[in-house]
Structures are given as structure tokens and as C-alpha cells.
Amino acid sequence: MQVPLTYDKQSLKDVLEATDAGMAGNSTSIGDAVGVALKNMPTDDESAKVIILLTDGENNDGSISMPQAVGLAADENVKIYTIGVGSDEVSFLDGLFSMPKNSTLDEAGLKKLAQTTAGTYFRAKDVNSLQKIYEKIDELEPQTQDGRYVQETKDLFYIPTLAALFLFMLLMMIMRKVG
């Protein structure tokens, strides 16, 4: 997890802008990703438990297999929406030359993961389709504001304390000169 669950959208945006492709490695650990997400979910029964899994690969690494991840999510009643990303072909020079892409996307596994957890599998081939998928998920999982907001507080008590201390010292110096 790069960012803990937060309402601070700016810090989340900053972390996303700083991410690079491949920063987590060259292999895909879908089972481990689901396991980490489950571990970091709130434990109260009232909150909606949903995971959005965005991947361009297959589960080819990690300590938790895809069937284990499916079982863990199903046991916790967590709905997983899976999104397979990647183009069907690689284009060069704006489509002047193109060739098929050898994809390792495990669509069958992602469909099974979504189906078993009462979620849905989506396929995103470009940014626009990914945006539409997120809009569809927003429709499927409407969220209401529950009144819990996180607001950063800043202690400012030291300012009047320092001002009082300064005035006290000033008063003491004046009293010495007078007396």
C-alpha cells in the first residue's frame, strides 16, 4: 500500500503522480494484492466492502494464489471489481504501423474472481474506456456521506504563550530600570 485509506485527495493525487510503471517489480501478484487490500479494510460490518483490482497481467508471483485470494474475499463478503487493462495491439506512428500485442492478461481468472465475489469484470483498452468503467462502478456502488470527515488540526497555543512571556520579560526589564 502506497497510501493508507484517506479523505485527503491531494496527497493521494501527489502519490499517484509520483508512481512509475514497474515500481512494484516486473511480476504480478494479484493474490498478494487482494490479501493486502483485505488486511487493510475496515472491520466494521456497516461499511461497504469493495475492492477495485486494476491489472495488466496474470497472477505469476506472490505467496497467495488466485484461488486462495478468491476464497479469502468470499469469506469476508468483499465484492471485487476487476479491470483488465491494455490495448489489443501496439501502434507506432499513430497507427501507420501496428502489430498484435502478446498479452499476458488472465481474463478468465479475473472474470472468475469478480464472479465469485459478486463483482464484475471490465476490460479497459484506453483511458476513455477506463473512465467509463469507473463511472459504471460509481453507479453500481453508490456512496453516501456518513459525516466522518478528517480535518487536520494545528495547535497554536504557543503563540499567546510566547507573547505573554515576551511581555512579562519586557515588564521585568522596565521594572528594573524604574527601580
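Biologist: Which residues does Gly-84 touch, not counting those up to four places away in sequence?

Modeller: Gly-84 touches Thr-55, Leu-105, Leu-110, Tyr-121, Phe-122, Arg-123 and Ala-124, where contact means heavy atoms within 4.5 Å. This is a predicted model, in which local features need pLDDT of at least 70, side-chain atom pairs count only at pLDDT 80 or more, and totals for chains, interfaces and linings use all residues. Residues are numbered from 1 along each chain as its sequence is written, and side-chain values use heavy atoms, with hydrogens and water left out.

Biologist: Why is Gly-84 called buried?

Modeller: Buried means under 20% relative accessible area, exposed means over 50%, and partly exposed lies in between (1.4 Å probe, protein chains only). Gly-84 has a relative accessible area of 0%, so it is buried. The C-alpha atoms of Gly-84 and Arg-123 are separated by 4.9 Å, although these residues are 39 apart along the chain.

Biologist: Where is Gly-84 placed?

Modeller: Gly-84 is in strand β2, residues 79-85, and Thr-82 is in strand β2 too. Strands are DSSP runs of E with at least two residues, helices are runs of H or I with at least four, and both are numbered from the N terminus.

Biologist: What makes Thr-82 count as buried?

Modeller: Its relative accessibility is 0%, so Thr-82 counts as buried. Leaving aside neighbours within four places in sequence, Thr-82 is in contact with Leu-53, Leu-110, Leu-113, Ala-114, Thr-120, Tyr-121 and Phe-122.

Biologist: And at the surface, why does Glu-152 count as exposed?

Modeller: Glu-152 counts as exposed because its relative accessibility is 75%. Glu-152 sits in the loop between α5 (127-140) and α6 (158-178).

Biologist: Which residues make the nonpolar surface patch?

Modeller: Leu-162 is one of them, with Leu-156, Phe-157, Tyr-158, Ile-159, Leu-165, Phe-168, Met-169 and Met-172, and the patch covers about 960 Å². Patches are made of residues with over 30% relative accessible area and no salt bridge; nonpolar side chains (Val, Leu, Ile, Met, Phe, Trp, Tyr) are joined within 5 Å, like charges within 9 Å. Accessible areas come from the Shrake-Rupley method with a 1.4 Å probe, and for residues only the protein chains shown count as cover. A salt bridge is a side-chain nitrogen of Lys or Arg within 4 Å of a carboxyl oxygen of Asp or Glu.

Biologist: How many helices and strands are there in the chain?

Modeller: The chain has six helices and five strands.
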